[in-house]
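Keep the viewer open as you read.

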Amino acid sequence: MKGTMTRGADIIVQSLIAEQAEIIFGYPGGAIMPTYDALYDYHEQIKHVLTRHEQGAIHAAQGYARVSGKVGVCLATSGPGATNLITGLADALIDSTPLVCITGQVAAHLLGTDAFQETDVVGMSMPGTKWNIQVQRVEDIAPAIAKGFFIARSGRPGPVLIDITKNAQTDFGEMNYAPCLGFRSYKTHIPVEKTAIQQAAELINQAERPYVLFGQGVVLGKAEAELKFFLDKSGIPAASTLLGSGALSQDHPNYVGKLGMHGNYAPNLLTNQCDVLIAVGMRFDDRVTGDLKRYAKQAKVIHLELDAAEINKNVKADVPVHGDCKESLSMLTAEVEAKTHDEWIGKFRDLEKMEKDAVMQHDITPTKNGLTMGEVINQVNQYKADDAVLVTDVGQHQMIAWRYFNYKKTRTQVTSGGLGTMGFALPAALGAQMYDYSRQVVCVVGDGGIQMTIQELGTIMQTKAPVKVVLLNNNYLGMVRQWQQMFFDKRYSFTELDNPDFIKIAEAYGIAAQKVSAREGLKEAIEDMLIHDGPYFLEVVVEKEDNVFPMIATGCSVEEVRLS
Amino acid sequence: MKRYTIFVITENFIGILNRITIIFTRRGINIDALTASESRLPGIHRITIEVTATEETVIQLVNQIEKIIDVIKAFHHEDDAVVYQEIALYKIPVAKLDGGLEKIIRQHNARIIAAEKEFVVLELTGHKEQTRELLEILKEYDLLEFARSGRVAVAKRMLTIDSFVK
């Protein structure tokens, strides 16, 4: 009998291959060892990247998923291996990133006995996953993985965790892999209501100052072309959220900038002057809306959204359009009148000029000696490829890089938006690069965040992933310091860092590295980095106490966006 | 703030109750009562949750509950849209059983469902106000123990769950 049966561990790997997973990011350990043993036999069919920490593995899987649109796969052992995934799960859930994470678990007969490296990861990860399950029997492995992939990638994507006990991995069972095509409690296709489209079109056709806000939903719904056609025809100005950046090329004539606490001046300010607000695949995050009581109160709101729980959650929609924005956008395009809104877009351009004079001038062409983050990113922007992926960590550098990076292609923006996870960038950049070695991946990090996952330089060394790391070093936890300066009387409580010699660290990992402290040589250093064959580490010492503007301070309205 | 009854129709899946309660706890909302049972249909469970909140919040809670993968459907109702009952048990020392208590039992339509050497157990089914009223009275009879179930309820509208379970 045993001869015709398959070992659970092999079923796991074969199931991943059946789901067309190309790469696993993981870290071995006791309870997942049978699966690692199986992996040994499949290295030609599926790649495995050994990170230096499970958090690195899951962030790498996130980076891979974000640029590829595929499900990121992550493998870890029980106990600490599993708990180290939690931050990444929470991050992937709030940023709608499809992941399947498989964790080993102690043998079923030991469950609940505080066995070595036993932890209730299903319980712990429940609020941080779209779905999770524990598998204790070999026959349940393949169906759980099939269901997991289906759930992760369908509807609003998200992370799934499958916890598999050691006995299920070592037992033998039949391998008949059947992909999951759906089940009754989970509706993946929501037909768009025609009446909602008609109501929305009516509002739009009557509007004088309509305004589109687009988010990552456009990318996740593969609706970039539909968004562009809608804007081409309707002539409506459009602004992007942090994660929506790239869904529409910034060169599009209707594109008016970026929304949010550190977004552009005009798109924030004019939110309170539009008469119809059309939100597409975005969830009105508080970093976008500021004070909700004073957010777009003058406007009728149309909300195109797949996730019913997002409709009316933060901003009441006058016309909710529930469903996939790929469908609803094209239905709406058919119903709206061809128009131009030159005068209204002109208002955005006027304010854009104010921002250029008041903020961008200082950021890009500073008069002071110290380098600014803005000029570094501006240089990167000059020399990068059109489809270069920008991966950022969290903090000042993230906001500056986002502000000055010119997004032209979809899936070129990888950052931790909702959760704001410091330490995300380096492993996420590695994952993004693993999807496609030929694509330029620029990883911009701060001196705080990089030290949270700096060990992943080891993974970059081992994989030779040609990630270009740009460390913007101001020897501060810069964003916190900025808030301390502005809102806490400059009481710089535990934000100054004594940093190591980053160049020596990079070099110790065998990664080509260069440090730039002055304006002379910056341009050349960036050029050197971008043409370098292989990973590169560029440290740029920037002004210690520089601030990110514009800014909507916490509790303020979007119309109170400050230029200084 | 009002009292609402939330019905959740779910697959019988380990951990589903936990996923549902997390939605309340993360917002710091207390669940007044909760019952879970089988439904009329095999494999389908129904969970009845009683909660005091604003309608806006309840709608958001229901949306987030319905978003849970193994939840089939969730509804919310105000009290007048549901028929509901709760069951209460009262444990009283036998020594306190006298004519006065018998009268109280009759007046409240309660009944004695168990009699042991040292105590009797009374049962009353009704709305919370009724079971609470009896509780206050019985406190003077050296009440030893009191337990009340969560609400079991059915909606007044003629919609069955069959249409959601396909």
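This is a predicted model: local features need pLDDT of at least 70, side-chain atom pairs count only at pLDDT 80 or more; totals for chains, interfaces and linings use all residues.

A:Val480 has 17 C-beta neighbours inside 10 Å, so it counts as partly exposed; being buried would take 20 or more, and being exposed 12 or fewer. You'll find A:Val480 in helix α20 of chain A, which covers residues 478-487.

Carry on past α20 and you come to the loop between α20 and α21 (502-508) of chain A, where A:Asp489 sits. A:Asp489 isn't a glycine, yet its phi is positive, at about 50°. Why does A:Asp489 count as exposed? It has 8 other C-beta atoms within 10 Å, and the exposed class takes in anything with 12 or fewer.

There's another case of this kind at A:Gln20, in the loop between α1 (8-18) and β2 (23-26) of chain A. Here phi is near 60°, again positive in a residue other than glycine. A:Gln20 is exposed too, because it has 10 other C-beta atoms within 10 Å. The peptide bond from A:Phe549 to A:Pro550 is cis, with omega near 0°. These spots are worth a look because most residues other than glycine have a negative phi, and most peptide bonds are trans.

Now for some helix packing. In chain A, helix α3 (residues 54-68) packs against helix α5 (residues 86-94) at an angle of about 20°, with the axes 8 Å apart. That angle makes α3(A) roughly parallel to α5(A), since the class covers angles under 35 degrees. The crossing of α3(A) and α5(A) is right-handed. On the α3(A) side, look for A:Gln55, A:Ile58, A:His59 and A:Gln62; they meet A:Thr87, A:Gly88, A:Leu89, A:Asp91 and A:Ala92 in α5(A). Sorted by class, the residues of this contact are three nonpolar, five polar and one charged.

Next, turn to helix α9 (residues 194-206) and helix α14 (residues 325-335), also of chain A, which pack at an angle of about 50° with their axes 9 Å apart. So α9(A) is oblique to α14(A), and their crossing is right-handed. The residues in the contact are A:Ile197, A:Gln198, A:Ala200 and A:Ala201 from α9(A), and A:Ser328, A:Met331, A:Leu332 and A:Glu335 from α14(A). This contact comes to five nonpolar, two polar and one charged.

Zoom out to the whole of chain A, and you have 22 helices and 20 strands. The C-alpha trace spans about 75 × 60 × 40 Å along its principal axes. A compact globule of 564 residues would have a radius of gyration near 24 Å, so the 24 Å of chain A agrees with that. Of those 564 residues, 57% count as buried. Among contacts in chain A with a separation of 6 or more, 78% link residues 24 or more positions apart.

Finally, there's chain B: 16 of its residues are in contact with 14 residues of chain A. On the chain B side, α1 (16-25), α2 (55-67) and β4 (71-78) each supply at least two residues, with α2(B) giving the most, at four. By class, that side of chain B has five nonpolar, five polar and six charged residues.

Methods: Residues are numbered from 1 along each chain as its sequence is written. Chains are lettered from A and ligands numbered from 1 in the order in which they are written. The radius of gyration is taken over C-alpha atoms; the globule rule is 2.2 Å times the number of residues to the power 0.38. Two residues are in contact if their C-beta atoms, placed from the backbone, lie within 7 Å. Ala, Val, Leu, Ile, Met, Phe, Trp, Tyr, Cys and Pro count as nonpolar, Asp, Glu, Lys and Arg as charged, and the others, Gly among them, as polar. Axes are lines fitted to C-alpha atoms, for helices over the stretch in contact, and angles run from 0 to 180 degrees between N-to-C directions. Angles under 35 degrees count as roughly parallel, over 145 as roughly antiparallel, 65 to 115 as roughly perpendicular and the rest as oblique. A crossing is left-handed if the near helix is turned anticlockwise from the far one by less than a right angle, and right-handed if clockwise.
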